[in-house]
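Subject: A structure for you to look at

Hi there,

Here is the structure I promised to pass on. Have a look at it first, and then read my notes below.

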Amino acid sequence: MTTETQNSRFRYRIFTMVVLLALINYIDRGAMSYAAAHITGEYGLDRGDWGSVLGYFGYGYMVGALFGGMLADHFGPRKVWIVAGVTWSIFEIATAWAGDFGLAFLGGSALAGFATIRILFGAAEGPAYSIINKTIANWATTRERGFVVGFGLLSTPLGALLTAPVAVGLLSLTGSWRAMFYILGAAGLIVLVFFMRIFTDRPETNPRVSPAELQEIQASRAQAAAGQGEDAPALPWWSFFRSKTLVLNTLGYFSFMYVNFLLLTWTPKYLQDNFGYSLSSLWYMGMIPWTGACVTVLLGGRISDLLFKRTGSLKIARSWFAAGCLLATTLCFLLVSQAQSVFAVIALMTLANALNALPNSVYWAVVIDTAPANRVGTFSGLMHFFANIASILAPTLTGYLAARHGYSVMFVAASVATAVGMCAMLQVRPGVGPRLPSASRQGATR
């Protein structure tokens, strides 16, 4: 391969580093679940308390997810990458002393200490996926954008899968749950430094981009801009709520997020408490439920596009496809709640998670199908914000239910969430967006 050919594909180095940072982001947020026995034992936390600890992350994450894209639009993705990456790594390290911080400075409450650090940590991690979308928009050509977005979404199940061996490996090698947080935080800072050495906001300002690659990116961007109707009047952000399709699609995405955070946060402790698995076994048992999702997250977008090509109906390709996946997910979780053997539980959890991940790209595609081109980013951020209520509700509600009714009820709750998502997606009509306010319609007509 010639130097010119290598330079003409420099953007793929950017995309690879973005996915690596996203993986670290996901491992950082999930590692705490594998330290559950150590932390709850040291600070005397029960299941309900532990559910609260896991749920605190979501409060900050929602805020970060909402404003991340706006900040990247205003300041450029590079500055926001630096601030977010440094901050989440620092708070990952600070998690090691969150309980002691609460005992010393917050009225003797370890729980208050974890609440403070986890909320701040969540706020720092929240912008990551919005910055990823902004980075891809600036660097990817139109024809490869779908693949690169799918590649970025792979970081969700793959990061959750790798959390198990990484967290358990660090706990076993160091013998200290605090050391695990030190190492993960330092790893994030190191990768961020290497990324910032090669990354610029746009390819035009990067000396490593060849003239041929720059021309390819710019030509694709110009072609896309010509067909997007950029001169159309921008809808106000609250027009999101005027679209039944966008609101119901958000409810469908909420059900996906509920399952995602349920399994990410509670699988390790569930396996320890219900089946007596030791830490040395969790490194591979915690991986299994995510194996299928790593495949289906890449397949879902292709299947949806194929259905649209075959039928010409976005309703079938998006709404019915997602609803069918959620129906199957609901049935799997109902079976999990009745399963008695660990093998049946793990197999059904893996299948449910794979089915849940299959329409992941659909929720984002519905926004693109429905929103005006000049409001896709804003409306995507609103969908992400409201769907991430699940990042609080799933771990917190599970802790409450497990403490009072046992673990099987948490799978019933998951089936209720996915059933609600299924009903919502059946009513989604991609392409039917919010209407312009009357004043805006008159202005557009003139």
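By class, the residues that line the second largest pocket are ten nonpolar, three polar and one charged. In this count Ala, Val, Leu, Ile, Met, Phe, Trp, Tyr, Cys and Pro are nonpolar, Asp, Glu, Lys and Arg are charged, and the others, Gly among them, are polar. The lining has 14 residues, and Leu71, Val80, Val83, Ala84 and Pro127 lie nearest the centre of the pocket. A pocket here is found on a 1 Å grid over the protein atoms alone, as an open set of points where a 1.4 Å probe fits, with protein on both sides within 12 Å along at least five of seven lines; lining residues have an atom within 4 Å of a point. The volume of this second largest pocket is about 190 Å³, where a volume is the space filled by probe spheres set on the points, and grid points are joined across faces, edges and corners.

Which helices supply the lining of this pocket? At least two residues each come from α4 (47-75), α5 (77-94) and α7 (110-125), and α4 gives the largest share, with six residues. Helices (H or I, at least four residues) and strands (E, at least two) are DSSP runs, numbered from the N terminus.

Before you go further, please keep in mind that this is a predicted model, in which local features need pLDDT of at least 70 and side-chain atom pairs count only at pLDDT 80 or more, while totals for chains, interfaces and linings use all residues. Residues are numbered from 1 along each chain as its sequence is written, and side-chain values use heavy atoms, with hydrogens and water left out.

Now for the whole chain. The protein chain has 22 helices and zero strands. Its radius of gyration is 22 Å, which agrees with the value near 22 Å for a compact globule of 446 residues; the radius is taken over C-alpha atoms, and the globule rule is 2.2 Å times the number of residues to the power 0.38. Along the principal axes, the C-alpha atoms fill a box of roughly 65 × 45 × 45 Å. Of the 446 residues, 54% are buried (buried means under 20% relative accessible area, exposed over 50%, and partly exposed in between, with a 1.4 Å probe and protein chains only). Among contacts with a separation of 6 or more, 83% are between residues 24 or more positions apart; a contact means heavy atoms within 4.5 Å.

Apart from neighbours within four places in sequence, Leu192 is in contact with Leu21, Trp81, Ile82, Gly85 and Val86. Leu192 and Leu20 are 172 residues apart in sequence, yet their C-alpha atoms are 9.6 Å apart in space.

Two threonines are worth a visit as well. Thr330, in helix α16 (residues 314-338), is buried, with a relative accessible area of 9%. Leaving aside neighbours within four places in sequence, Thr330 is in contact with Ser415, Thr418 and Ala419. Thr350 belongs to helix α17 (residues 342-357) and is buried too, at 13% relative accessibility. Not counting residues up to four places away in sequence, Thr350 touches Ile288, Pro289, Thr291 and Gly292.

Is Gln427 buried or partly exposed? Gln427 is partly exposed, with a relative accessible area of 37%, and lies in the loop between α21 and α22 (438-445). Beyond its neighbours within four places in sequence, Gln427 is in contact with Lys244 and Leu248.

Last, the cysteines. How many disulfides does a search of the whole structure find? The search finds zero, where a disulfide is a pair of cysteine sulfur atoms within 2.5 Å. The sulfur of Cys294 is too far away for a bond, because the closest cysteine sulfur, in Cys325, is 17 Å from it. Cys423 is in no disulfide either, and the nearest cysteine sulfur, that of Cys325, is 15 Å away. Cys294 is buried, with a relative accessible area of 14%, whereas Cys423 is partly exposed, at 42%.

Enjoy exploring!
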